[in-house]
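User: Hello! I am new to this structure and would like to learn how to read its features. Could you walk me through them?

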Amino acid sequence: MVLSILGTVVDKCPESLDQLHQQFVHLRDGVSMLGRGVAHPVDSSRSLYVAANEFAVVYDMDSSVDIVGTDSLGSSVLLILRSSDSCSTLVCHASHITTSDMDMLISSMNTTTMLQMTIIGGYQSQSNVMPILATIISNSHLIELVALSFGPLISGVGVNVKTGEIFSARFSDKGPDMDLRTARTLAGGQNVVLLNIYNSIMEELTIGPFTYSPMRAVDIW
């Protein structure tokens with residue numbers, strides 16, 4: 001991917017987020033509203049919750065989903081990719097992104113044109129953001145970074161797939177099989193792969209198939 005910020009191609013990964021924010025001040029302000037006010041309650045009627053190590057692609061004409069989001073970022077990172085060409089929005093919750101992961105995310109959006117990316121991190125995610133930026137910069141697809149923010153005030157985040165609005169969110173229902181979905185991440189160790197949880201053609205939540213190893217002393221959790 002080729003990373004562009006305000007029309008400037010970034011061909012070398014910055015040494016730190018502070019350096020990047022000093023050069024491009026607007027990145028921090030792009031989602032500054034996340035730390036202000038009360039989180040907007042999101043019910044399950046027309047929303048899709050993405051858990052850790054999951055992603056979903058939703059088109060703006062989707063008749064079932066208006067809001068896609070996640071929470072409990074902690075040391076993880078939320079990637080939001082939008083394509084005006086295919087009218088699709090991708091939301092991914094992950095602690096790290098490999099080159100093959102990024103290729104999979106891009107191909108799932110069904111577009112060859114430039115994508116707009118927003119990166120949002122939790123209070124412990126700064127160390128994970130830089131490797132993700134390095135992965136993006138080292139590849140060939142053109143991506144415009146429009147916002148990058150992280151901090152203790154960021155918890156739940158929702159994205160309106162119709163308008164592109166990003167807002168603070170509180171999810172009352174996180175969807176079915178959360179125990180099983182969480183077990184996949186907790187028991188998978190470093191080998192947990194990103195899982196696409198939404199069939200955008202059928203407009204259905206689709207979990208699995210996947211495998212995980214038994215957890216020792218699971219009764220203490």
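Predicted model: local features only at pLDDT ≥ 70, side-chain atom pairs only at ≥ 80, totals over all residues.

User: Which residue besides Lys162 is linked with Asp66 in a network of salt bridges?

Analyst: That is Arg46; Arg46, Asp66 and Lys162 form a linked network of salt bridges. Between Asp66 and Arg46, the closest N and O atoms are 2.6 Å apart. Asp66 is in the loop between strand E5 (54-59) and strand E6 (67-70), while Arg46 is in the loop between strand E3 (40-42) and strand E4 (47-49), so the pair joins parts that are 20 residues apart in sequence.

User: How do I read accessibility for Arg46 and Lys162?

Analyst: Relative accessible area under 20% is called buried and over 50% exposed, with partly exposed in between. Arg46 has 33% relative accessibility, so Arg46 counts as partly exposed. Lys162 also counts as partly exposed because its relative accessibility is 33%.

User: Which residue forms a salt bridge with Asp71?

Analyst: Its partner is Lys174, and the closest N and O atoms are 3.2 Å apart. This pair links distant parts of the chain, with Asp71 in the loop between E6 and strand E7 (77-83) and Lys174 in the loop between E12 and helix H5 (178-187), 103 residues apart. Asp71 is buried because its relative accessibility is 11%, whereas Lys174, at 30%, is partly exposed.

User: Now for rings: how many aromatic pairs are there?

Analyst: The count comes to one aromatic pair. The ring centres of Tyr49 and Phe171 are 5.4 Å apart and their planes meet at 75°, so the pair is edge-to-face; planes over 60 degrees apart get that name. Tyr49 belongs to strand E4 and Phe171 to strand E12, so parts 122 residues apart in sequence are tied together. Tyr49 is buried at 8% relative accessibility, and Phe171 is buried at 7%.

User: What about the backbone: what is the phi of Asn53, and what is that of Asn110?

Analyst: Here we look for a positive phi in a residue other than glycine. Asn53 has a phi near 65°, and Asn110 has one near 55°. Asn53 is in the loop between E4 and E5, while Asn110 is in the loop between helix H3 (99-108) and strand E9 (115-121). With 9% relative accessibility, Asn53 is buried; Asn110, with 58%, is exposed.

User: Last one: is Leu90 buried or exposed, and which residues does it contact?

Analyst: Leu90 lies in strand E8 (residues 88-94) and is buried, with a relative accessible area of 0%. Leaving aside neighbours within four places in sequence, Leu90 contacts Phe55, Ala56, Val57, Leu79, Ile80, Leu81, Leu105, Ser108 and Met109. You can also read a C-alpha separation: Leu90 and Gly69 are 21 residues apart along the chain, and their C-alpha atoms are 10.0 Å apart.

Note on methods
Residues numbered from 1 in each chain as written. Heavy atoms only, no water. Salt bridge = Lys/Arg side-chain N within 4 Å of Asp/Glu carboxyl O. Helix = DSSP H or I, 4+ residues; strand = E, 2+ residues; numbered from the N terminus. Buried < 20%, exposed > 50% of the residue type's maximum accessible area, 1.4 Å probe, protein only. Phe/Tyr/Trp six-rings, centres within 6.5 Å; stacked < 30°, edge-to-face > 60°. Contact = heavy atoms within 4.5 Å.
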